[in-house]
Amino acid sequence: MADNTKEIKEQETKAVVPAEDKPAKALSLDDMSPRQIVAELDKYVIGQDKAKRTIAVALRNRTRRKRLPESIKDEVYPKNIIMIGPTGVGKTEIARRIARLSNAPFIKVEATKYTEVGYVGRDVESMVRDLMGSAVSMVRRELAAQNEKMVRERVEERLLDVLIPNVSSTANTDAQFDNARISAREQIRVQLRAGLLDNTEVEIPNQLIRPKVGIELMGGSMDDIQNAMNSLGSIFQNAAQGPRNKKRKVTIKRARELFTEEETERSVDQEKATEIAKERTEQMGIIFIDEIDKIAGKNSSSSSPDVSREGVQRDILPIVEGTKVTTKWGVIDTSHILFIAAGAFHVSKPSDLIPELQGRFPLRVELDALSADDFYRILKEPENAITLQYRELLRTEGVEVVFTDDALHRVSEIAYEVNSSTENIGARRLYTIMETLLDELSFNASEMSGQTVEITPDYVNERLSNVVKDQDLSRYIL
Ligand SMILES: Nc1ncnc2c1ncn2[C@@H]1O[C@H](COP(=O)(O)OP(=O)(O)OP(=O)(O)O)[C@@H](O)[C@H]1O
Ligand SMILES: [Mg+2]
C-alpha cells in the first residue's frame, strides 16, 4: 500500500498548478470578502471549515493592510498559518485552490526539497526567487492581455505586408496607383479576416522569435532559466539587427501565430512588468510550505545524513521574519509575504519546530479526519468531483455512466472501512477504489458506444466486496 500511496502523491506533486493553468478571468482576491473566499473554496474542498475560515481571514487582512496609511502599514505583519491534519484530508488541495482564486503571486514548495546553505540542493532563498518569477510571468500575461487588440492589429498589418510586399511602401507619387493598391490591400484584408488565406504559403524572415518569458516552476533553478533566457535574448537582438535576408516558408496560419507571439513580447514593457511584479510579490505574495513536519524534529533520522533539518529551519527563519533576497529582478523584501505551512505531524509535533519558527506561525488550524459522509460528498459535490471526471471521460466514448446515490454511499463506506482496517490515506482512498470499481468499464467502454451504465450498490458490491473482505488483497488493490 505504501508504494501505491507514494505513487499517487508523486502524481499530485507533478500536477501542481503551473501558472498558465489559471482561468483567464480569475477572481481578484482584492475584491473578495472572507465569506466569498470560503464560498469559493467550498466549491472544491468539502468540510474543513475552520481551516478555510482562518485562511480567508489571513488573505483578507492583507487587502485590508494595503488600504492603511503608509505609517501604520509597515507595522502590520502577516499572521502566518500552520495547517495540521492527517494525510489526504485537503491541506494541499486548499493551497491549490487559493492559488487559482487569487491574483496574488503564489507558490507551493515542499519543505523537504531544501537543504541547508552550503550543501548541494536548493537553498531556501530560491523560494522567494520562484515567487517573484511567477509574479513576473503573471504580470506579463496581464499586460499582454491588455494589448491584445493592438497586437491583433499589428499582426494583421504584418500579414498584409507579407501577402502584398510592396503595398506598404510609401514612396509613391502616383495617386491613382496608390488608390488601387490600397483597395487591393483592403480586399485581401477581408479575405484574411475570413480565414480564407489560412493555408496560403508565404515567406517570412527567418528571425528568431524570443522565447516566452513564461516561467514554469519546475525543478531547475530559476537563475539557470533566467541566464538561459538572457543569452537567448541577446541572440535575438543580434539577429534582429543583422541582415534579415534568410527567409522561410510558412502558412498564413502559422505566420499569424509567430507574429502574434513576437508582437505580444514586444508590446509588454519589461520594466513596468518587473515593477508591478515586485510590488505584488512583496505586498501580496503567498508561499505555501508543504510537508513542514518533515523538517521538524531532531536531526537523528533525517532522510539524508548530510542535511540537518534544524539547519533548514534556521535558514527558513529569516525569510519568514523578513529579509532581503536578491533576485534577477532586484531585491525582494520578504517582510510582508504570507506563509502558510502544512504538515500531517504524525511523528513530529509543531512543538518540535525550533521555537523561533513556531513563533512566526502564530495561527494553527487543525483539519479534521474525514468521515464516510464526507467521502460521499467528495465523490459528488466538488466542481471537479471524481464521478464527474469519469462520466466525462466515458462520454467521449459515447457511454453514459450514472452513479446512483446509494452506490456512492456504498463506495464511501468501503473507502472508510479500508482506511480503518489498513492504512488511513484519507480521500486518496476514493481514487484507488473508483479505479478498481470502474476498471472493467474503462477497459470495455470503447466498444460500448450508445449504452448507459448504471452504477448501483449491487454493482459496487459485486466488484469490491471480495477485495474488501480479504485484508491482504485490499492492501494491494485498494
Ligand atoms: N476535504 C476534501 N474535499 C475534497 N477533496 C479532498 C478533500 N480532502 C482530500 N481531497 C482529495 O484528496 C486528494 C488528497 O488531498 P490533499 O492533497 O489535500 O491531502 P493532504 O491533506 O495534503 O495530505 P498529505 O498530508 O498526505 O499531503 C486531493 O486530490 C483532493 O482532491
Ligand atoms: Mg499534502
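**View 1. Secondary structure and packing of the whole chain.** The chain holds 20 helices and 11 strands, taken as DSSP runs (H or I of at least four residues for helices, E of at least two for strands) and numbered from the N terminus. The model is predicted: local features need pLDDT of at least 70, side-chain atom pairs count only at pLDDT 80 or more, and totals for chains, interfaces and linings use all residues. Residues are numbered from 1 along each chain as its sequence is written, while chains are lettered from A and ligands numbered from 1 in the order in which they are written. Of the 478 residues, 31% are buried (20 or more other C-beta atoms, placed from the backbone, within 10 Å of the residue's own). Among contacts with a separation of 6 or more, 82% join residues 24 or more positions apart; a contact requires C-beta atoms, placed from the backbone, within 7 Å.

**View 2. The shell around ligand 1.** The shell has 19 residues, of which Thr87, Gly90, Lys91, Thr92 and Ala427 come nearest (shell residues have a C-beta atom, placed from the backbone, within 6 Å of the ligand). Helix H5 (residues 91–101) supplies the largest share, 3 residues. By class there are 7 nonpolar, 8 polar and 4 charged residues; Ala, Val, Leu, Ile, Met, Phe, Trp, Tyr, Cys and Pro count as nonpolar, Asp, Glu, Lys and Arg as charged, and the others, Gly among them, as polar.

**View 3. Ligand 1 and the domains.** Ligand 1 lies between domain 1 (2–139 + 278–366) and domain 3 (372–477), because both give residues to its shell. The domain bounds come from an automatic or database domain assignment.

**View 4. The E6–E7 hairpin.** Strands E6 (residues 324–327) and E7 (residues 330–333) pair in the antiparallel sense over 4 bridges, where pairing needs at least two DSSP bridges. The two strands form a hairpin with 2 residues between them. Thr326 stands opposite Val331 in E7.

Terms used. A residue is buried if 20 or more other C-beta atoms lie within 10 Å of its own, exposed if 12 or fewer, and partly exposed in between; C-beta atoms are placed from the backbone. Two residues are in contact if their C-beta atoms, placed from the backbone, lie within 7 Å.
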